[in-house]
Amino acid sequence: MGTEEHKRKAPKKFRFAVITVSDTASRGEKEDKSGKFLVEELEKAGHERVLYRIVPDEKMAIIGAVVEAFEKGAEVVVTSGGTGIASRDVTIESLRPLFDKELTGFGEVFRLLSYEEIGTAAVMTRATAGIIRSSGRAMAVFCLPGSLGAAKTGIKIILNEAGHVLKHGRE
């Protein structure tokens, strides 16, 4: 079965959560433009929001928000922020151990598109994605950098592939 046939059989709509990881936005010192943009784009595409959270760059806060998203029925989670190389960037380290399968290709495609937009600075992101399985369910998690540009790049991939990822993640 080819990619297009797989996509035809994939879910067209899903329940989602957006989790912004940012110390400054969590303290109200900065507006969460990226998170709001992601929510808008996903809702505009007809998907149902079950959670939107802003959490600090803290391991337990990040994991707690992802668990809350799962409990609220999210099938897709998009995180924004904490994917860089600074010491406070712990989104990947927090979530990678929860992944049953990591989708390294997501990060590769994201970096390729980012390279076309921002050049070699694209090497600074550790964007990734994975599948978390529990209680007979699968949830796709996409981890994006926190900039609005990264959200605009990442949402294109997510809207094209999230249903496809869910289909296979449920198998």
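**View 1. Glu102 and its bridge partner in strand E5.** Gly130 in E5 is the bridge partner of Glu102. The model is predicted: local features need pLDDT of at least 70, side-chain atom pairs count only at pLDDT 80 or more, and totals for chains, interfaces and linings use all residues. Residues are numbered from 1 along each chain as its sequence is written, and side-chain values use heavy atoms, with hydrogens and water left out. Strand E4 (residues 101-102) pairs with E5 in the antiparallel sense over two bridges. Strands are DSSP runs of E with at least two residues, helices are runs of H or I with at least four, and both are numbered from the N terminus. Two strands count as paired if DSSP finds at least two bridges between them.

View 2. Strand E6 (residues 137-144) runs antiparallel to E5, and seven bridges join the two. Ala129 has Phe142 in E6 as its bridge partner, and Thr128 stands opposite Cys143 in E6. Two residues lie between the strands of this hairpin, and Ser135 in the turn has a positive phi of about 55 degrees. Five of the seven residues of E5 (residues 128-134) are buried, where buried means under 20% relative accessible area, exposed over 50%, and partly exposed in between (1.4 Å probe, protein chains only).

**View 3. The open sheet.** Six strands are arranged in the order E2-E1-E3-E6-E5-E4, with mixed pairing. Strand E2 (48-55) and E4 are at the edges with a single partner strand each, so one side of each has no neighbour in the sheet.

**View 4. The largest nonpolar core.** This core has 26 residues, and Leu38, Val76 and Phe142 have the most contacts inside it. A nonpolar core is a set of buried Ala, Val, Leu, Ile, Met, Phe, Trp, Tyr and Cys residues joined through side-chain atoms within 4.5 Å. Elements that give two or more residues to this core include strand E1 (15-21), helix H3 (33-44), helix H6 (104-118) and helix H7 (148-169). H7 gives the most, with eight residues.

**View 5. A nonpolar surface patch.** Ile85, Val123 and Met124 make a patch of about 340 Å². Patch residues have over 30% relative accessible area and no salt bridge; like charges are joined within 9 Å and nonpolar side chains (Val, Leu, Ile, Met, Phe, Trp, Tyr) within 5 Å. A salt bridge is a side-chain nitrogen of Lys or Arg within 4 Å of a carboxyl oxygen of Asp or Glu. Areas come from the Shrake-Rupley method with a 1.4 Å probe; for residues, only the protein chains shown count as cover. Ile85 is in the loop between strand E3 (76-80) and helix H5 (91-95), and is exposed, with a relative accessible area of 61%.
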